[in-house]
Amino acid sequence: LHTSSLYRLQVGNARVFQKESEQQGINTAVHILLDASGSMAGAPINLANRACFAVATALSRIRGVNQAVTAFPAVSEINSVFPVVRHGQQLPDMFDIRASGGTPLAGALWWVLQTMLPLKEQRKMILAITDGMPDNSLAANNAIGVAQKLGFEIYGLGIRDEHITHLLPHTSKVANDLPDLVPAMFAMLQAALLKGGAV
């Protein structure tokens, strides 16, 4: 990743890598789970739309990575999810995720687990991006525990909020400024994909 080129993502240019090289496929399914609760309305959700689109576009160009993006809760119904891009589906021209509702992280994680379990990829990663506390922290903690027992790697990125670091103390970070969101997402996923370990 060429960090000084990350500004290109703001205009939809996904050329942010230092060099291209041939290597064995990564064989990883990556699912970005975006909190689109009411507190994300305005600038945060607009930036999150662009950030998730940029990261999904970059991931789609890495051989062996099967990416997906899901927002929660869905606009149409409380405590539901909205698949923006499903695994194996082609990316749209842009994302248009709207912010409303609460933060049902536990339900969203259970939905993602059910979606990813049948996938053929050996490695399965979830990146949860949220700006607050889950509606039910105990239920979210339980879902994370089950996911980890099933072999899922779960990473968290807090937007101006550190609650995710309580749920995922070893695999989460906080972006305190909105412009830091894109670099933080790339840094976390790059560290996870290339090193296969904690961030």
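## Helix H1

Let's start with H1: 14 of its 18 residues are buried, so the helix is mostly covered (buried means under 20% relative accessible area with a 1.4 Å probe, protein chains only). H1 spans residues 43-60 and reaches 26 Å from its first C-alpha to its last, close to the 26 Å expected; that expected span is 1.5 Å times one less than the number of residues.

This is a predicted model, where local features need pLDDT of at least 70 and side-chain atom pairs count only at pLDDT 80 or more. Residues are numbered from 1 along each chain, and side-chain values use heavy atoms, leaving out hydrogens and water.

## The whole chain

Five helices and six strands make up the secondary structure of the protein chain (these are DSSP runs, H or I of at least four residues for helices and E of at least two for strands). Along the sequence, the pattern reads β-α-β-β-α-β-α-β-α-β-α. Of the 199 residues, 50% are buried.

## H2 against H3

Helix H2 (residues 105-116) packs on helix H3 (residues 137-149) at about 20 degrees, with the axes 7 Å apart. The two are therefore roughly parallel to each other, a label for angles under 35 degrees.

Who meets whom here? From H2 come Leu105, Ala106, Leu109, Trp110 and Leu113, and from H3 come Ala139, Ala140, Asn142, Ala143, Ile144, Val146 and Ala147 (contact means heavy atoms within 4.5 Å). These contact residues divide into eleven nonpolar, one polar and no charged; Ala, Val, Leu, Ile, Met, Phe, Trp, Tyr, Cys and Pro count as nonpolar, Asp, Glu, Lys and Arg as charged, and the others as polar.

How values were computed: Axes are lines fitted to C-alpha atoms, for helices over the stretch in contact, and angles run from 0 to 180 degrees between N-to-C directions. Angles under 35 degrees count as roughly parallel, over 145 as roughly antiparallel, 65 to 115 as roughly perpendicular and the rest as oblique.
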